[in-house]
Amino acid sequence: VIGNGAYEHTVTLPNPPNDAEVIAGKLRALGFDVVAGTDQSYGEMRRSVMEFAKKAYGADIALLFYAGHGMQIGGQNLLIPTDAKIEDETSLDFETISVNFILRQMSKDVKVQMVFLDACRDNPLARTLARRMGPSRSGSVGAGLAEIKVQETGGEGSVIAFATSPGDVALDGDGANSPFTAA
């Protein structure tokens with residue numbers, strides 16, 4: 001469970017840390033062993049994913065919940081750490097965490113994989129990157145997050161939920177939590 005809102009190089013988001021705390025609390029109450037963090041840097045996110053992957057190995061259920069900035073490039077979904085500074089295409093590999101990377105980590109001998117992404121907010125980092133890429137390559141920067149095909153995650157036993165339709169932008173809401181988390 002990760003909720004990033006205190007971004008250093010882009011617009012801050014008030015809800016994601018609250019969303020992560022609510023979801024982590026609910027999961028603990030349901031008996032899950034939870035790895036959780038809020039406002040995580042790149043290094044902190046990588047360490048959380050590693051701890052999660054080790055605990056999830058051989059589990060009946062592995063569940064990923066992420067709230068914060070996310071973006072898609074060429075159909076690949078990327079989660080944005082709080083210290084990410086996206087200056088160009090090269091930055092993507094060194095400043096973001098790929099959802100596919102996390103999915104690979106949580107698919108090792110796991111019976112059911114569940115993914116909840118509340119990460120398709122209007123991301124100014126994506127707009128800035130698209131401008132810097134120029135017109136010929138900027139078409140690979142999509143709005144919102146891209147669809148994740150079930151067969152890419154191992155298929156059977158997978159549940160994937162987005163805060164909005166693929167390619168759309170999710171609402172932050174007016175309360176302490178996003179509408180997705182509140183629901």
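The largest pocket has 18 lining residues, and nearest its centre are Asp33, Val34, Val35, Phe52 and Leu63. Bear in mind that this is a predicted model, where local features need pLDDT of at least 70, side-chain atom pairs count only at pLDDT 80 or more, and totals for chains, interfaces and linings use all residues. Residue numbers run from 1 along each chain as its sequence is written, and side-chain values use heavy atoms, with hydrogens and water left out.

What do I mean by a pocket? We work on a 1 Å grid over the protein atoms alone, with a 1.4 Å probe. A pocket is an open set of points with protein on both sides within 12 Å along at least five of seven lines. Lining residues have an atom within 4 Å of a point.

Back to the largest pocket. Its space is about 300 Å³. That volume is the space filled by probe spheres set on the points, with grid points joined across faces, edges and corners. Two elements give two or more residues to the lining: helix H2 (42–56) and strand S3 (61–67). Helices (H or I, at least four residues) and strands (E, at least two) are DSSP runs, numbered from the N terminus. H2 gives the most, 5 residues.

How does the lining divide by class? There are 15 nonpolar, 1 polar and 2 charged residues. Nonpolar here is Ala, Val, Leu, Ile, Met, Phe, Trp, Tyr, Cys and Pro; charged is Asp, Glu, Lys and Arg; the others, Gly among them, are polar.

Next, the second largest pocket. Its volume is about 180 Å³. Its lining includes Ile23, Lys26, Leu27 and Leu30, along with Leu63, Phe65 and Phe116. Phe180, Thr181 and Ala183 line it too. H1 has the largest share, with 3. By class, we get 8 nonpolar, 1 polar and 1 charged.

Now H2 itself. Which of its residues are buried? They are Met45, Ser48, Val49, Phe52, Ala53 and Ala56. Buried means under 20% relative accessible area, exposed over 50%, and partly exposed in between (1.4 Å probe, protein chains only).

What covers the buried side? Strand S1 (2–3), S3, strand S5 (76–79), strand S6 (97–98) and helix H4 (99–105) are among the elements covering the buried residues of H2. After H2 comes Gly58, with a positive phi near 80°.

Two other residues deserve a look for their phi. Most residues other than glycine have a negative phi. Asp39 is not a glycine, yet its phi is positive, about 50°. Asp39 lies in the loop between strand S2 (37–38) and H2. At 29% relative accessibility, Asp39 is partly exposed.

Asp109 also has a positive phi, near 60°. Its loop runs between H4 and strand S7 (112–118). Asp109 is exposed, at 55% relative accessible area.

Last, the overall picture. The protein has 6 helices and 9 strands. Of its 183 residues, 48% count as buried.

Note on methods: Contact means heavy atoms within 4.5 Å.
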